[in-house]
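Please keep the sequence and the model in view while reading.

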Amino acid sequence: MSEIAIRTQGLGKLYTLGRRRADKYRTLGEALAEAAGWLWRRNGAGAPESIWAVRDVSFEIGRGEVVGVIGRNGAGKTTLLKILSRITEPTAGEAEIRGRVGSLLEVGTGFHPDLTGRENVYLNGAILGMKRAEIERRFEQIVAFAEVEKFLDTAVKHYSSGMYLRLAFAVAAHLDPEILLVDEVLAVGDAVFQKKCLGKMGEVAGEGRTVLFVSHNMTAVRGLCGRVIQMEGGRITADSTDVDAVVSEYLTGGMEACSSREWPDAETAPGNDRIRIRLARIEPEAITVNTPFQVEVEYWNRKPGTRVGLSLFVHNQEGVCIFNSTTAREPCWHGKPHPEGLFRSVCRVPGNLLNAGSYTVFVKFYQGGVKGVLYQHTDLLLFEVQDIVEDRGEWFGRWPGAVRPDLRWTTAVVTEPWN
Amino acid sequence: MTSSTLPPSRLLIRPSRGWASLQLRDIWLYRELLYFLIWRDVKVRYKQTVLGAAWALLQPLATMLVFTLFFGRLARVPSDGIPYPLFSFTALVPWMFFANALGQSTNSLVGSANLLRKVYFPRLVIPVAAALGGLVDLAVSSTILAGMLAAYRVEWTARVAWVAPLVALALVVSLGAGLWLSALSVQYRDVRYVAPFLTQFWMFATPVVYSSSRLREPWRTVYGLNPMAGVVEGFRWALLGTGVAPGPMVAVSAAAAALLLATGAYYFRRMEKTFADLV
């Protein structure tokens, strides 16, 4: 590592959650009431909860390195990027950056829907830190990249979402930073857009610029990055140039934690006086887009005679329900009164159904018909469906679609050639 | 796409301690952003509304009519021998500018939450741009004032030159208060609802509908502690020949305004580092 572009030393960020975790906004009225309460009682109840979003992060990145940062949601990746781009201040440690920094945390921030495409290019450019003269010089290129020449003088609220994203990305893509910090901007837009973004990213990386690239798209990380930093709970858990090894480890390692859960003690297991869950598991552990798998749920029925029905929901990362399935056609026990005891329901899911990504499982226990919910548990399991890298060529982007069926195609000649 | 480009080639990021410096140089580096933000606000305001620029005319005119009816006609508030419509409108022009600039800058940070969370730039740019945007409306309402002065055959004197520094003073006051309120509103969301009340009370504490000429010295000078009192009376003096010459009262107002701006700016800078986390 000859020349250093980014160096961090013991970087940390502490967030105080406050007593009310749900609403971080306080009102002046509340603050006054609290102060008054404090004067009155002075019991100092409930020290505010705090959490280290980033903790003891130290690394050095050389000029021209392309580094992927991976980790689950809440691992501290975005916070790290926000510290490095000066949006938020660290609580501890320090970071040193040598070179002009461009940071891209989102697509389209600062765009105003009522302004035209042309006006937004200037506004957005200025927000990104470009000089007016720079924007003018690159204006033609930006517009050409975005392919919106005809709509330059139309308000962007009338743009299709694709045009909007292309224009937003185009401005940022024509920034000229020496160090580029990118956060998950490739997770939006359609396949064509993502391809274009990734192409541009590859180009930037190829030009010898330093790139720090936060992503959940493991295929892209594998394809673009020469080094990968893995974060967990705010700390760095891996930092290696062996990208494939870290990524595979990450994909399989993390799964065990969430794709199988067990509560041996019926008294403390999640549930209530009707139902308690003993076990929930996805089998097998490693799933790719074409593996069939099964969801197993073991539960105690605690009230004899209940006609327990089980309803399973699978949601993708965007929170979209991919499917819902119930025990309604289960042959043995459905609709029959269950005695008290431990039951086990298994739902078999065929391969070539789910697209690659993370999924959460939500389970609802209900009585007989649709009479009433006995118990429900959100985010019971979290599992990953991995992509298969074969036959993808240069295309690293996410395969579009909520599902990924393996469909039969036929092509036949309808008419004979003209002759 | 959110991004920011920092000019310095070597940057050290570490936790700040105690009172941060104002870093006015940063604002200068980002002057083009300041310009574009003002430009955006003005453009959007006039683009969206059906009435467009008429809105900037209608607001002070309607207020003037109401005041003339209630305070001038019904309550017979003395107006230093000036016809009440002219008397109140001369005060309303700087007051409305102040109130709008204050309102805009108070809401500016919370309104730009997305920018704060995704891009780096000196945060001061946002309330400053919001307050400066009010100058456009001021220009519009000033034209009516000029029309009214002509209609009432008021003669122009060299004192008119004082209008510019008085507008600057009003800007300083609105910015000073705006920095306080915008920074507070990031932390305490109800500030947004308190601010309009505050502005309303402030108006009645300012000689907009009445004249401060009934106060005897030194109380009139003390009244200047409300910096808007100095601005409004200064305006009347510059345009109508009544009110107070920019003497002790305006000097007190200027000092109060400077203090407000300085404390506001320091408070803002101190809270700035928490904005992205709280907003």
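How many bridges join strand 4 of chain A to strand 1 of chain B? There are 4, and the two strands run antiparallel; strands count as paired if DSSP finds at least two bridges between them. Here A:A95 stands opposite B:I13. Helices (H or I, at least four residues) and strands (E, at least two) are DSSP runs, numbered from the N terminus.

This is a predicted model, in which local features need pLDDT of at least 70 and side-chain atom pairs count only at pLDDT 80 or more, while totals for chains, interfaces and linings use all residues. Residues are numbered from 1 along each chain as its sequence is written, and chains are lettered from A and ligands numbered from 1 in the order in which they are written.

In total, 54 residues of chain A are in contact with 38 residues of chain B, contact being C-beta atoms, placed from the backbone, within 7 Å. Strand 4 of chain A gives the largest share of chain A's side, 6 residues.

Within chain B, helix 4 (residues 84-111) has 23 of its 28 residues buried (20 or more other C-beta atoms, placed from the backbone, within 10 Å of the residue's own), so the helix is largely enclosed by the rest of the structure. Helix 4 of chain B also bends by about 30° at B:L92, and B:P94, a proline, follows within four residues; the bend is the angle between axes fitted to the seven residues ending there and the seven starting there.

Chain A also holds an open sheet of 5 strands in the order 12-18-17-14-15, with mixed pairing.

Conventions
Contact = placed C-beta atoms within 7 Å. Buried ≥ 20, exposed ≤ 12 C-beta atoms within 10 Å, placed from the backbone.
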